[in-house]
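Please read it alongside the sequence and the model.

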Amino acid sequence: MAVTTWSIIGLLALCHSSIAGYTKFPPGFTFGVATASHQIEGAWNVSGKSENVWDRLTHTRPELIADGTNGDIACDSYHRLHEDVEELVALGVHFYRFSLSWSRILPTGRIDYVNPDGIRYYNELLDLLAENNIEPLVTLFHWDLPQSLQDLGGWANPKMIDYFYDYSDFCFKEFGGKIKSWITFNEPYEICEDAYGDEKKAPAIDSHGVGNYLCSDTLLKAHAESYHLYNETYRPVQNGRIFISINSIWYEPSDPENSELVALAEVANQFKFGWFAHPIFTVEGGYPKVMVENIARQSEAEGLRKPRLEQFDAYWIQRIKGTSDFLGINHYTTHLITGAGVDPIAKSPSWLKDIGAVTTMEVGGDSASEWLRVVPTGFANLLRWCKISYNDPPIYITENGFSDRGDLEDYGRIKYFNDYLSEILNVINDDKVNVLGYTAWTLMDNFEWRAGFSERFGFYYVNITDPARPRTPKLSVQYYRELIDNHELPHFDRYKDPSVRTARRC
Ligand code: GBH
């Protein structure tokens with residue numbers, strides 16, 4: 001790992017913040033843990049479930065998955081939901097964030113055929129949660145699109161607005177009596193950029209600089225229609241809330257004294273977070289100005305008649321604005337901006353080329369995921385930026401977590417939670433950022449998309465060589481439980497890695 005000036009600054013800031021030493025969470029602050037249907041359920045072709053885009057990708061292009069695994073069995077949660085709930089009870093969480101499998105509920109993708117076993121499965125889970133006083137926080141779409149809808153173009157097809165409307169309507173009607181908190185989309189950036197502008201996620205369309213922007217147009221409209229439907233038809237009777245979870249790799253300048261780099265980091269954050277947050281959370285609405293301008297300029301240089309990113313018209317700007325009760329943030333890491341120009345890894349055309357900045361991951365401590373650098377202060381900076389950029393929204397952290405290779409004494413994970421949660425306490429107390437709750441990713445080691453099972457984020461270790469998928473609690477279970485029970489950060493000294501003997505001066 002390269003130790004950069006910035007990471008030293010980060011370390012100093014961290015030492016400083018732990019001196020400030022906030023440990024108590026505000027009254028009413030809630031803690032949860034998250035999963036996603038395709039990552040845990042398995043039972044990919046059981047009891048009427050149809051194929052989704054991840055089934056298709058892992059079966060037809062297994063070489064794209066780091067360890068050649070797939071989600072066919074995953075954690076077998078379809079058959080082991082009692083174990084899932086026992087783990088939740090052991091953790092003592094207030095809420096459980098999970099997602100619904102569209103292709104398990106509506107195998108054609110449309111509402112013309114309902115799979116009774118899909119309904120049974122989620123009702124059983126919801127009832128078990130209710131019995132144990134665990135509140136469900138339910139994501140409608142966490143990436144597992146029915147393959148039949150992908151065959152029509154998936155999120156690049158504007159008809160998806162209708163299909164998503166029908167699917168949401170069905171879920172609100174069927175499950176809304178038991179669910180008070182909904183998330184429409186998990187991480188629109190990953191869906192649009194990684195799945196339609198690259199091969200990093202299914203369906204791996206790799207229409208860089210084109211498909212990614214068609215996707216965002218459809219996805220933001222679909223989100224808004226689902227929100228309005230809930231708001232007008234279901235909220236008056238069900239009294240719940242509905243929002244979106246936006247993910248962020250936070251960008252910082254490699255040299256904070258260099259004003260060009262500072263400005264470029266702002267451009268990168270607008271392209272990353274602002275792409276989906278600006279249309280929903282700002283007063284003016286629409287895509288960030290710098291995105292519209294950069295893409296228009298590049299498109300013209302490419303000889304195109306129209307920009308690759310189409311702006312929303314006045315109707316859609318209004319229709320999309322304000323359609324989220326909270327700002328849901330999934331945050332893991334910070335990367336650096338090191339210079340202007342075209343990033344050497346950027347394809348042409350592409351989102352990365354459209355930004356016009358060079359990025360690096362050489363910052364902070366490492367994890368088992370190359371992209372996941374441990375930079376707790378970056379989280380604080382992101383949260384302060386969200387407060388300023390989006391008019392002080394109420395925020396839920398809907399994911400935050402750390403990967404290793406499956407250690408049972410997972411000191412790295414505990415330190416990550418401790419240091420990132422300390423930063424949350426700092427911004428709540430010092431900057432009055434309105435953070436209401438925190439969700440750790442994830443309940444148990446699960447099918448980590450293209451990383452397969454090679455990167456493990458869970459509180460519980462899952463042995464995937466055993467068909468019974470036995471789960472073993474890691475040390476972090478005890479840590480999180482203690483944190484939740486006391487509503488306060490546990491004394492970190494008790495959870496320090498004993499093999500790291502170097503005295504920390506701070
Ligand atoms: C979350 O996304 C997901 O919501 C969740 O399902 C997932 O399990 C969790 O993260 C852990 O990864 O540059 O090719 O290495 C987080 C978003 C996903 C962003 C991976 C960075 C790097 C892909 N991250 N991505 S690559």
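His487 lies in the segment that follows helix 17 (475-486); helices here are DSSP runs of H or I with at least four residues, strands are DSSP runs of E with at least two, and both are numbered from the N terminus. The model is a predicted one, in which local features need pLDDT of at least 70 and side-chain atom pairs count only at pLDDT 80 or more, while totals for chains, interfaces and linings use all residues. Residues are numbered from 1 along each chain as its sequence is written, and side-chain values use heavy atoms, with hydrogens and water left out.

**Backbone geometry**

His487 is not a glycine, yet has a positive phi of about 55°. Its relative accessible area is 22%, so His487 is partly exposed; buried means under 20% relative accessible area, exposed means over 50%, and partly exposed is in between (1.4 Å probe, protein chains only). Arg469, also a residue other than glycine, has a positive phi near 45°. Arg469 is found in the loop between strand 10 and strand 11 (471-473), and with 9% relative accessibility it counts as buried.

The bond from Ala202 to Pro203 has omega near 10°, and Pro203 lies in the loop between helix 9 (188-196) and helix 10 (211-238). The bond from Ser348 to Pro349 has omega near -10°; Pro349 is placed in the loop between strand 6 (327-340) and helix 14 (351-355).

**Buried side chains with polar contacts**

Arg104 belongs to helix 5 (residues 102-105). Its relative accessible area is 1%, so Arg104 is buried. The side chain of Arg104 makes a polar contact of 2.8 Å with the side chain of Glu41. A polar contact is a pair of N or O atoms within 3.5 Å; within protein, one must be able to donate a hydrogen and the other to accept it, and residues adjacent in sequence count only if both atoms are side-chain atoms. The Arg104 side chain also reaches the backbone oxygen of Gly42, at 3.0 Å.

Thr442 sits in the loop between strand 9 (435-441) and strand 10 (460-462). Thr442 is likewise buried, because its relative accessible area is 1%. Its side chain reaches the backbone oxygen of Ala34 at 2.7 Å, and a polar contact of 3.2 Å joins the side chains of Thr442 and Asn446.

**Pairs separated in sequence**

Arg450 is in the loop between strand 9 and strand 10 and is partly exposed, with a relative accessible area of 27%. Ala265 is part of helix 11 (residues 259-281) and counts as buried at 3% relative accessibility. Gly274 is found in helix 11 and counts as buried at 0% relative accessibility. The table gives one C-alpha to C-alpha distance for each of these residues.

| Pair | Separation in sequence | C-alpha to C-alpha distance |
|---|---|---|
| Arg450 and Ala66 | 384 residues | 6.0 Å |
| Ala265 and Ala340 | 75 residues | 10.0 Å |
| Gly274 and Glu310 | 36 residues | 16 Å |

**The ligand site**

The ligand sits in the largest pocket. A pocket is defined on a 1 Å grid over the protein atoms alone, as an open set of points where a 1.4 Å probe fits, with protein on both sides within 12 Å along at least five of seven lines; a molecule sits in a pocket if more than half of its atoms lie within 2 Å of the grid points.

There are 15 residues around the ligand, and Gln39, His142, Glu187, Glu448 and Trp449 come nearest; a residue is near a molecule if one of its heavy atoms lies within 4 Å of it. This shell divides into 6 nonpolar, 3 polar and 6 charged residues. Ala, Val, Leu, Ile, Met, Phe, Trp, Tyr, Cys and Pro count as nonpolar, Asp, Glu, Lys and Arg as charged, and the others, Gly among them, as polar.

A polar side-chain atom of His142 lies 2.9 Å from a ligand oxygen, and a polar side-chain atom of Tyr332 lies 3.3 Å from a ligand oxygen. In Glu399, an N or O atom of the side chain is 2.9 Å from an oxygen atom of the ligand. The protein covers 85% of the 570 Å² of accessible area that the ligand has on its own, with accessible areas taken from the Shrake-Rupley method with a 1.4 Å probe.

Definitions and conventions: On a 1 Å grid over the protein atoms alone, a cavity is a set of points where a 1.4 Å probe fits but cannot get out, and a pocket is an open set with protein on both sides within 12 Å along at least five of seven lines; lining residues have an atom within 4 Å of a point.
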